[in-house]
Amino acid sequence: MSVFTTDDHRHMARAIELAGRGLCTTDPNPRVGCVLVRDGRVVGEGWHEIAGGPHAEVVALRSAGEAARGATAYVTLEPCSHHGKTGPCSDALIEAGVSRVVSAMQDPNPRVAGEGLERLHGQGVDVAVGLMQPQAEALNPGFVMRMRNGRPFVRGKLAMSLDGRTAMASGESLWITGEAARRDVQRLRARSSAVVSGIGTVLSDDPSLNVRLEGQERQPLRVVLDPRLSMPETAKMLTLPGKTLVVTAASPDDAWERLEARGAEVVALPDGPDRIDLPAMLRLLAEREINEVLLETGAILSGAMLRAGFIDELVVYMAPRLMGDSARGLFRLPGLDAMADTLDLEIDDIRAVGRDWRITARPVVKATV
């Protein structure tokens, strides 16, 4: 078992900080940071900035130049050992003469896990793994989930009043929360690979489901779960940059053709009449390299995903207002008749966002696909 020093922790913390700079740009690749240290001095830094661009190790090596020889590389994820759009980072580290590599975690891809570290070790490089692994995994919850469990990480976003209501009985819901909370939601969308909603939300709100942040070019995939293929071809999201995927249980018909003519992709994943196979939907997204899903929908779909164990994190914005007992609730969860039936959550964070409160929580019981 490796013993890590205070300096090791300090440099890995910096690598994790650097990796976070790629939060909204590296998808579908993981967010990775690298720090090169020689004789106690940082000689190079880098992070993976954008998919298809150089990896963090390569950027740091270019920054260090000849000073990389004999240095220690602190990397938040095991250096890759395969040829993709760029060459193997393990080879680049070996060629640069790095003497030690400290990796926060192995690559979670079971087909390649450990190969990069083994290649380094086989070339005489001192290798250590596991330093600040929980923090490193937290950088890439979707990539880790997809590699280990074959589905994306699902983050459910909801807005509610202090009495747990999401819309008036009429369906009116704009706006429960304030401007600061809505800006915060834009940041959640920006880091997400896909935004998933249900047809009920589309029909009632005609949402854009896009990122409206200055300088943010990448748009997440918009996914609408539409069992009967009721989505209007005039939906606002079909006029916006980015791709829209409509998942249905219906067979191809005129509505299917009209949506495709408007630029949408339509895929059928039936689970019986008027029902979409949710596990199959998540597997489909994983096959398309979707790492993080932001679920923005109403009580029925949110409740179904929660009951199935497919929500990994809840981000709930709570507004300081009361909407009354005739207003709509947060989840539709039939069958919870006794305290023993209730669903438990672990609260990770509570903080003020403008005049509202943001609660981040994890369901205690989750499922794999």
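Pro28 sits in the loop between α1 and β1 (33–38), where helices (H or I, at least four residues) and strands (E, at least two) are DSSP runs numbered from the N terminus. The peptide bond from Asp27 to Pro28 is cis, with omega near 10°. Before we walk on, please keep in mind that this is a predicted model, in which local features need pLDDT of at least 70 and side-chain atom pairs count only at pLDDT 80 or more, while totals for chains, interfaces and linings use all residues. Residues are numbered from 1 along each chain as its sequence is written, and side-chain values use heavy atoms, with hydrogens and water left out.

Rolling a probe the size of a water molecule over the atoms shows where empty space is left. Searching the whole structure gives one cavity of 30 Å³ or more. The largest cavity holds about 50 Å³ of space, a volume being the space filled by probe spheres set on the points, which are joined across faces, edges and corners.

Next come the charged side chains. A salt bridge here is a side-chain nitrogen of Lys or Arg within 4 Å of a carboxyl oxygen of Asp or Glu, and by this rule the count comes to 24 salt bridges. One of them joins Asp7 to Arg10, with the closest N and O atoms 3.0 Å apart. Why are these two separated by about one helical turn? Because they are three residues apart in helix α1 (residues 6–19). Asp7 is partly exposed at a relative accessible area of 40%, and Arg10 is partly exposed at 48%; buried means under 20% relative accessible area, exposed over 50%, and partly exposed in between (1.4 Å probe, protein chains only).

Helix α7 (residues 179–191) holds another such pair, Asp184 and Arg187, three residues apart and about one turn of the helix from each other. Their salt bridge has its closest N and O atoms 3.3 Å apart. Is Asp184 buried or exposed? With 9% relative accessibility, Asp184 counts as buried, whereas Arg187 is partly exposed at 44%.

A salt bridge can also reach across the sequence, as Glu233 and Arg258 show, their side chains meeting at 3.0 Å, N to O. Glu233 lies in the loop between β9 (221–225) and β10 (244–248) and Arg258 in helix α9 (residues 254–261), so the pair ties together parts that are 25 residues apart in sequence. Glu233 is partly exposed at 33% relative accessibility, and Arg258 is partly exposed with a relative accessible area of 41%. Elsewhere, salt bridges that share partners link Arg31, Arg155, Arg191, Glu292 and Glu313 into one network.

Now for the cysteines. A disulfide is a covalent bond between the sulfur atoms of two cysteines. With the cut-off that the pair of sulfur atoms be within 2.5 Å, the count comes to zero disulfides. What keeps Cys34 from being paired? Its sulfur is 8.6 Å from the closest cysteine sulfur, in Cys89, which is too far for a bond. The sulfur of Cys80 is 3.7 Å from the closest cysteine sulfur, again in Cys89, and this is too far for a bond as well. Cys34 is buried at 0% relative accessibility, and Cys80 is buried at 11%.The loop between α8 (199–205) and β9 contains Asp206, whose phi is near 45°, a positive value in a residue other than glycine. Asp206 is partly exposed at 28% relative accessibility. Leu209 lies in the loop between α8 and β9 too, and its phi is near 55°, also positive in a residue other than glycine. Leu209 is buried, with a relative accessible area of 2%.

Our last stop is strand β15 (residues 345–353), the place of Ile350. Ile350 is partly exposed at 48%.

Conventions
1 Å grid on protein atoms, 1.4 Å probe; cavity = no way out; pocket = protein on both sides within 12 Å on 5 of 7 lines; lining within 4 Å.
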